[in-house]
There are 2 protein chains.
Amino acid sequence: MIESHFARIRARHALSTEEESAIRDAMGPSRAFDAHHTFIEAGTPLNVSVLLVEGIAGRYKDLSDGRRQITELHVPGDFADLHSFTLKQLDHNLISLTPCRVVLFPHSNLTELTERYPRIGRLYWFATNLDAAIHREWVLSMGRRTAIARTAHLFCELQVRLSLVGRAEADGFDFKLSQVDLSECLGLTDVHVNRSLRRLREAGLMTFRGGRVTLHDLDGLREVAEFDPSYLYLAPHPL
Amino acid sequence: MIESHFARIRARHALSTEEESAIRDAMGPSRAFDAHHTFIEAGTPLNVSVLLVEGIAGRYKDLSDGRRQITELHVPGDFADLHSFTLKQLDHNLISLTPCRVVLFPHSNLTELTERYPRIGRLYWFATNLDAAIHREWVLSMGRRTAIARTAHLFCELQVRLSLVGRAEADGFDFKLSQVDLSECLGLTDVHVNRSLRRLREAGLMTFRGGRVTLHDLDGLREVAEFDPSYLYLAPHPL
DNA sequence: CGTTCGTTTGAACGACCTCAACGATCGTGG
DNA sequence: CCACGATCGTTGAGGTCGTTCAAACGAACG
């Protein structure tokens, strides 16, 4: 059920079998959602954290005129709101962008887990800091990258993150979002996302069609995006 | 020396005198920097975390053409790179935007501190999650707010964060950044920042001149910005 | 077979950028 | 005390990237 979570952790840190089973013992019940269901709303008091095991989820904030900004995407194996363990409520919403399956972790279990295994606490702290690093890269994208580079960068990031949990290859991956969803990630209009995708396709770099990303030239795509994966902290880190 | 740090913590959480002195015991040496000195570079192995006690600092990332994006500002009392405690190196740089004074906390001291006082560990975890919340709001600003609203929003955020540590009032605060620095925070050109500031001034909302922000109409400014301070988690949170 | 949802394309507009010049302020040295 | 350079702020003119509005197209589905 949560194999992808362990894969994600082990991409960066060692994890003993004792630690692994301690994490398993902290698991609560599982839930499934249809696509486009907001399963956590900003401001709601929370006493569980949500681990995503299947599907793509997103964090988002809305402006009063209805325009929406997704601030981060989540892939299987990600703790989608480990933040709430310390924040106790969120400043943003969480939505399933495809059908999703999650596992709930009661905060009381997490308190016990992290007090008994302080190293797991630091591992999870690391995980939320990794979310912050992804946010920073998105700020850079929104602030300084053109629409083309920004679009290319998002697919480069997803390719890396999905391949860590066996959901992507170097030549492509399934990705069942609409162009409207994409535009909400990229801070662009859906019309302009469509045009950017066309230009990436015509440049022979990648195709996004029918819920599938095909990477014709990953190196070229990374060059356009100025993609430097160091913000994803892939090298093993002693902790 | 680190009174503003305790003020910042106590704005959100209770802190016993025992916890306070445990934090004091973890302090390392102090350092001072001139303005515009990059004091932590991306990729450098780190074994200390930096607490800002005086001045304004910023996290930034550069693109290959030299364009720069600041992804977060730090005010006195902020741990400017508590992230490195778990990440061990940063994906971005830290710069003093005004003359700054910092206190170093060796990671070994922080490990000891947080293992002995798990609640302080959660408080600091909260602090890095608050950084992530600020990042998300900036992603929203960059992606969906106009130049005027984005500029207004930044000053609203600073007013709140600085007043928590006694560096701002409802009618203004000292803020010795250049318009170029500001433009690197806002993902705009310096020219356009200048025009946005002019429009905010002509609308009777605020003036930024000579290193000083004067807030003529804070409510009006917040309205333009659609500023909702809940992302700063000001209400006391049991932890 | 009509409905719905997502994609694609065109034309016109506007927000922000680029480039360039000028002005204001301030510290420094003659 | 003034001249000077350096830095930062201000303004204008014109260009570009991305948006807005509108319409047509295609695929999936009951």
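## Symmetry of the two copies

Copies are superposed by least squares on the C-alpha atoms of residues with pLDDT of at least 70 in both. In this predicted model, chain B can be laid on chain A with an RMSD of 0.0 Å by a turn of 180° and a shift of 0.0 Å along the axis. The two copies are thus related as by a two-fold rotation axis. The same surface serves both copies, since 100% of the contact residues of chain B (contact meaning heavy atoms within 4.5 Å) recur in chain A.

## Extent of the interface

Contacts join 51 residues of chain B to 51 residues of chain A. The area buried between them, that is, the accessible area (1.4 Å probe) lost on being put together and summed over both, is about 4800 Å², and carbon and sulfur atoms give 61% of that area. Trp125(B), Arg136(B) and Arg144(B) supply 20% of the area that chain B buries against chain A, more than any other three residues.

## Charged pairs

Across the interface of chain B and chain A there are six salt bridges, each a side-chain nitrogen of Lys or Arg within 4 Å of a carboxyl oxygen of Asp or Glu. Arg122(A) forms a salt bridge with Glu115(B), with the closest N and O atoms 2.9 Å apart.

## Basis of the values

Residues are numbered from 1 along each chain as its sequence is written, and chains are lettered from A in the order in which they are written. Local features need pLDDT of at least 70 and side-chain atom pairs count only at pLDDT 80 or more, whereas totals for chains, interfaces and linings use all residues, and side-chain values use heavy atoms, with hydrogens and water left out.

Note on methods. Buried area is the accessible area (1.4 Å probe) that two parts lose on being put together, summed over both.
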